[in-house]
Amino acid sequence: MLDTKDNINDLAKIITSEASVGNDAERSSVGFTVLHRMRRNATARVKDVWSGYARNQSPRPWAIRLATTILRNELADTTNGATHFYSPQYMPKEGETTGRADVGGGLEQSGHLKKKNFRPGYAKTFPRVSLPDVNEERFKFWRAPGNGAVR
Amino acid sequence: MVQYGRGLAALWLGLSFFQPAVLAGDAPSYRQLPVINGRVTLDEYEELPYNQALQRCTALDCRALKSLVRSFDFLGRRYFPNTMATIGPPQLPRGPVPIVRDVARHPQLRGPSCKLLTVLAKDYFDWSVGLLTVELASLISKGDRQCVKRVVMALPKNKETRELIENAQEGCVAQHEPNCSAISFE
């Protein structure tokens with residue numbers, strides 16, 4: 001049983017922190033990456049995988065509802081096992097300082113962004129998961145190869 | 001869901017509404033702007049943050065627009081922290097939201113900013129832009145709830161907007177922002 005009170009609260013916290021102003025598809029896709037990591041890491045606890053996510057915002061009511069449906073398997077998962085994501089819009093752009101951003105994947109063109117954005121290293125080797133209704137400037141999703149644990 | 005860019009394109013359109021005032025205030029700078037009237041393409045919008053003419057323009061409305069462009073970016077970085085693309089903890093933006101800081105220093109920016117946000121709200125095509133528009137209106141409405149009320153009332157009346165307002169109000173309350181009760185259709 002995944003829909004424990006702790007799991008719902010923890011997942012809602014992640015979704016709120018990572019995609020609070022995303023649209024429905026983006027919010028749920030972020031949520032499903034957590035579920036995929038739990039499965040691949042053979043754990044029933046959100047806390048076991050949450051170190052890879054932001055958790056700085058308190059969960060909103062909509063996020064609690066969304067987390068509940070995800071953990072109860074009441075929402076169709078169309079994310080094809082996605083485990084990673086980033087927001088091209090807020091990655092450093094060509095010619096900008098990169099700070100602590102992971103830019104190992106080099107430059108790419110994302111949708112209508114005027115300048116090329118850097119992408120993280122995993123984007124070089126992981127297959128991309130294209131999702132309808134996910135805005136390409138705002139989110140890109142990726143799937144770690146294989147079925148093993150995801151760090 | 002349409003493209004993110006169309007939201008701020010509406011801001012650019014909004015700027016054209018202020019042409020007379022701007023011309024009176026800073027005609028040479030304003031005339032240098034490449035897009036003043038008419039429909040704005042997505043490409044034109046995407047260039048907005050990099051537009052040198054806008055950066056040089058010092059008219060009140062240009063300053064409001066520049067500050068809003070920076071504020072959308074600021075909030076975007078806060079809400080999309082790119083945790084999986086950062087070495088170490090995410091680098092969230094610090095300090096006040098630019099438009100809040102700018103309005104506090106120069107209260108005359110509140111009016112044009114609010115008008116721009118109202119124009120944007122009227123024509124918002126994107127969920128994120130809609131939410132951020134309401135949040136910015138709320139943030140600059142300290143002591144003047146009319147701004148956020150006007151922005152909310154400008155939103156199109158449909159089911160999605162109802163959800164958006166509910167979300168915006170929840171976010172406002174959770175973050176202890178001002179004027180949350182004004183974020184309502186009522």
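Residues are numbered from 1 along each chain as its sequence is written, while chains are lettered from A and ligands numbered from 1 in the order in which they are written. Because the model is predicted, local features need pLDDT of at least 70 and side-chain atom pairs count only at pLDDT 80 or more, whereas totals for chains, interfaces and linings use all residues; side-chain values use heavy atoms, with hydrogens and water left out.

The model has an ipTM of 0.94 and a pTM of 0.88. Within chain B, confidence is highest in helix H6 (residues 98-105), with a mean of 96, and lowest in helix H2 (residues 19-31), with a mean of 43. Two segments of chain B stay under 50, namely residues 1-7, for which the model has 27 contacts (heavy atoms within 4.5 Å) beyond four places in sequence, and residues 12-31, with 43 contacts counted in that way. Where pLDDT is low, the predicted coordinates should not be read in detail.

The secondary structure of chain B consists of ten helices and zero strands, where helices (H or I, at least four residues) and strands (E, at least two) are DSSP runs numbered from the N terminus. Of the 186 residues of chain B, 56% are buried, buried meaning under 20% relative accessible area, exposed over 50% and partly exposed in between, with a 1.4 Å probe and protein chains only. Among the contacts in chain B with a separation of 6 or more, 67% are between residues 24 or more positions apart.

In helix H9 of chain B (residues 145-154), the buried residues are B:Cys147, B:Val148, B:Val151, B:Val152 and B:Ala154. Seen down the axis of H9(B), these residues fall within an arc of 165 degrees and therefore line one face of the helix, the arc being that of the directions from the helix axis to the C-beta atoms. They pack against helix H7 (110-122), helix H8 (127-139) and helix H10 (159-174) of chain B.

Helix H10 of chain B also holds B:Asn167, which is buried at a relative accessible area of 10%. Not counting residues up to four places away in sequence, B:Asn167 touches A:Arg27, A:Trp62, B:Trp127 and B:Leu131. Its side chain makes a polar contact of 3.4 Å with the side chain of A:Trp62; such a contact is a pair of N or O atoms within 3.5 Å, of which, within protein, one must be able to donate a hydrogen and the other to accept it, and residues adjacent in sequence count only if both atoms are side-chain atoms.

B:Asn82, in the loop between helix H5 (60-79) and H6 of chain B, is likewise buried, at 7% relative accessibility. With residues up to four places away in sequence left out, B:Asn82 touches A:Glu18, A:Tyr86, A:Ser87, A:Tyr90 and A:Met91.

In chain A, three strands form an open antiparallel sheet in the order S1-S5-S4. Strand S1 (84-86) and strand S4 (128-129) of chain A stand at the edges with a single partner strand each, so one side of each is left without a neighbour in the sheet. S1(A) pairs with strand S5 (residues 140-142) of chain A over three bridges, pairing requiring at least two DSSP bridges between two strands, and A:Phe85 stands opposite A:Phe141 in S5(A).

How values were computed
pLDDT = per-residue confidence, 0-100.
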